[in-house]
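Hi,

Here is the structure I said I'd pass on.

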Amino acid sequence: MQLEPHFVAVNAQGRELASHGGQGFQAEGYCDVLNMGPVPWHWHEEMELILITEGEAVVRAGKRAMCCKRARACL
């Protein structure tokens, strides 16, 4: 399987255009391989839970940057 860089479609204000979940429950699960480079800056109304299963990742929210390592979660 060919890995491709992570893509997030956003509007002019950086809001993510994808809809997650349904009307009654706005949640959805994804399994992403993010070793192809950074995820572009974006925002959305939904809460996001990130679980690192291998390596580490820098997660930025507002002015904060957190280094998340394997077996850690960022909410």
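On confidence: this is a predicted model, and the protein chain averages a pLDDT of 79, with 91% of the residues at 70 or above. Going by strands, β3 (residues 64-69) has the highest confidence with a mean of 88, while β4 (residues 73-74) has the lowest at 80.

Now the cysteines. The count comes to 1 disulfide, and the partners are Cys-68 and Cys-74, with their sulfur atoms 1.8 Å apart. The torsion about that S-S bond is about -55°, so the disulfide is left-handed. Both ends are tucked away: Cys-68 has 4% relative accessibility and therefore counts as buried, and Cys-74, at 10%, counts as buried too.

What about Cys-67? That one is in no disulfide, and the nearest cysteine sulfur, which belongs to Cys-68, is 6.9 Å away. A disulfide here needs the two sulfur atoms within 2.5 Å. Cys-67 counts as partly exposed, because its relative accessibility is 46%.

Most residues other than glycine have a negative phi.

Cheers

Technical notes: Residues numbered from 1 in each chain as written. Predicted model: local features only at pLDDT ≥ 70, side-chain atom pairs only at ≥ 80, totals over all residues. Heavy atoms only, no water. Buried < 20%, exposed > 50% of the residue type's maximum accessible area, 1.4 Å probe, protein only. pLDDT = per-residue confidence, 0-100. Helix = DSSP H or I, 4+ residues; strand = E, 2+ residues; numbered from the N terminus.
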